Amino acid sequence: MSPDPSPRSLNLGILAHVDAGKTTLTERLLHLAGVVDEPGSVDAGTTRTDSLALERRRGITIKAAVVAFPLGDLVVNVIDTPGHPDFIAEVERVLGVLDGAVLVLSAVEGVQPQTRILMRALQRLRVPTLLFVNKIDRTGADVDAVLDAIRRRLTPDVLPMGTAAGLGSRSATFAAYRPDDRDFRERETVALAEHDEALLAAYVDGRDRTPEQLLALAAGQTRSAELHPVFAGSAATGAGVPDLVQAIGTFLSGAEPDPGGVASGRVFKVERGEAGEKVAYVRMFAGTVRVRQRLDLPDGRSGKVLGVQVFQDGTWVRAPEARAGLGARLRGPGAGRAGAGCGAAARAAAHHFPPPTLEASLRACDPAQGPALRVALAQLADQDPLIAARTGEDGRPTVSLYGRVQQEVIASTLAEEHGIEVEFSEASVLHVERLRRVGAAVERFNTPSNPYGATIGLRLTPAAPGSGVVFDMEVPMRDLPLFLFKTPDHFASVMSGHVERALSRGLLGWEVTDCRVTLVEAGYRSGDGPPSQRGPLPTALDYRGLTPVVVRQALVRASTQVCEPVLRVALEVPTADAPQLLRLLGRWGSEVIGQTATADLTRIDAQLLAARLHELQHQLPDLTGGEGVLEAAFDGYQPVRGEPPARRG
């Protein structure tokens, strides 16, 4: 008897700036679907998605959470994402597994800096997106003003789907336009014609399309991320939410399951179970993963799946397998790291995130907990690899950070989940090193300078900014130790890991990036070759030990240049205050890229050294009477002027 076919599923992201009400909206969606009897409350700490103690205490989302509800023949996996900019990597990890998204805005606060960052990320990855203007029941709600701001600051490609009435009161309502409403059909046709020349020609010729045809065109343009239907309502009272639910089924298409073939998926979240075991949230793209199945991992190893759970009837339940199209929780070593592929997708390129620009060391308040702190940080690095937990030469653990709120979250997590109170050093700017020229080195076995039973020759070549570290091989297969490694690809994967670890600390202690590392010579001792090549066969430890030696020699010959992070900042300030902002940026040596002004607001685009960001954030409210808005995004690295700093520790 063949197994039941997999249900069609939709991975839906709920995104918003802090306090726009996305977690409350998620609770309302679950309530409408009958998954929960009553919506949870952020203020009361009873929501299903904010499970961390700090999330409940602060009323913000820090880790992406997954729940599900049925919608007709569709299973909607809802992923509630963080809204604070310190957790943008957590958000972008989720974007890679989404079929569609709802971007939530407040009818009072409108378009915020984080809203623009999220919308740009959704547009870059072409994620079909609906907009929901929330909190129409709040005093000061102004849906028309928010729509105007959306068109000016996010995208002009929007289509309002109804009208809100009774704004600012608990009785506020949202009424969707009827498909046969002639005025609405006119606006709908104009919006669609922006991306449809055939429709534009028909419109000019006076040939009207039927409401059903226009709806199909609107759904198609939404799915191709060309059009964004806009709804309004209140997640707190439920106004407008049924219309949004209906739109999710109409405008967003779920993935067609492909349970055949090799299991393939991507991890978008990792946590620890009650027994301390690794639990990974995985989006399955193809195939089926089963309990006790071994999955390939990005580092060339494989791990066994010890347990599988799927979301059903409002909770995670154990299952013998998880099929393509579904979100699943996998337990055990086969779970992998956040952001990494697993199974057939293990070697696929991971999603690129803007790098953290700060780092700070930390210590356990109780020195006896030092070893436990290192174990706990290793587990946190599984959940968020970008914190890059590592130990400095001074023996103190160090983490990379996007901001100071993230530092608070790490401290709280260590205290509440691991029982370790910690103290952080002052965060400092995270630099990198780049090669000045090509450098090469080789260490051959059975020579006085090489105690290892292997030969490794490496060439380091400068590469384009933003390219990271790329490893390749230019050696014949006969020189590879395939008796130690299963395949040439396995050997290359292991060597790439050794190289990346060696480059994590350059000549001045910073990570070396943007270079191509080529294996140009390889060999190993054997028991039956010429006398000069004889000796004990090497082990994998020989390659692990020799690689950093050769990398260091090649780095010395290449020389490096220390570079500091640069941010692209967008400032929106009252026009009267713009001159003093421009003077401040000029004193700091920042390059102003663009400047546009309206009657009351001026937008300034500039490049800013990351080291100046905290100072700008501190001064902006005073310089603009609290009216200034700052948005910052990573824009690359530039060489440090003057004496290059060495890394602390």
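The model is a predicted one.

Q: Why is β22 said to be largely enclosed by the rest of the structure?
A: Strand β22 runs over residues 397–401, and five of the five are buried, so the rest of the structure largely encloses this strand.

Q: How do you know that β20 and β22 pair?
A: Two strands pair if there are at least two bridges between them. Strand β20 (residues 358–364) and β22 have four bridges, in the antiparallel sense.

Q: What makes β21 and β22 a pair?
A: The cut-off is at least two bridges, and β21 (residues 390–391) pairs with β22 over two bridges, in the antiparallel sense. T391 stands opposite P397 in β22.

Q: Why is the pair of Y177 and F184 called stacked?
A: Ring centres must lie within 6.5 Å for a pair, and planes under 30 degrees apart count as stacked. The centres of Y177 and F184 are 5.1 Å apart and the planes are at 25°, so the pair is stacked.

Q: Why does Y177 count as partly exposed?
A: Buried means under 20% relative accessible area and exposed means over 50%, with partly exposed in between. Y177 has 24% relative accessibility, so the label is partly exposed.

Q: Why is F184 called buried?
A: The limit for buried is under 20%. F184 has a relative accessible area of 4%, so F184 is buried.

Q: What makes R187 a charge over the ring of Y177?
A: The distance part of the rule asks for CZ of Arg within 6 Å of the ring centre, and the direction must be within 35 degrees of the ring normal. R187 is at 4.9 Å from the ring centre and lies over the face of Y177.

Q: How do you know that the buried residues of helix α14 lie on the same side?
A: In α14 (residues 578–587), the buried residues are A578, L581, L584 and L585. They cover an arc of only 125° around the axis, which puts them on the same side of α14. On the other side of α14, R583 and R587 are exposed.

Q: What covers the buried residues of α14?
A: The cover includes β31 (560–574), β32 (591–597), β33 (601–609) and α15 (613–624).

Terms used: Residues are numbered from 1 along each chain as its sequence is written. This is a predicted model: local features need pLDDT of at least 70, side-chain atom pairs count only at pLDDT 80 or more; totals for chains, interfaces and linings use all residues. Side-chain values use heavy atoms; hydrogens and water are left out. Buried means under 20% relative accessible area, exposed over 50%, partly exposed in between (1.4 Å probe, protein chains only). The arc is that of the directions from the helix axis to the C-beta atoms. Contact means heavy atoms within 4.5 Å. Rings of Phe, Tyr and Trp (its six-membered ring) pair if their centres lie within 6.5 Å; planes under 30 degrees apart count as stacked, over 60 as edge-to-face and the rest as tilted.
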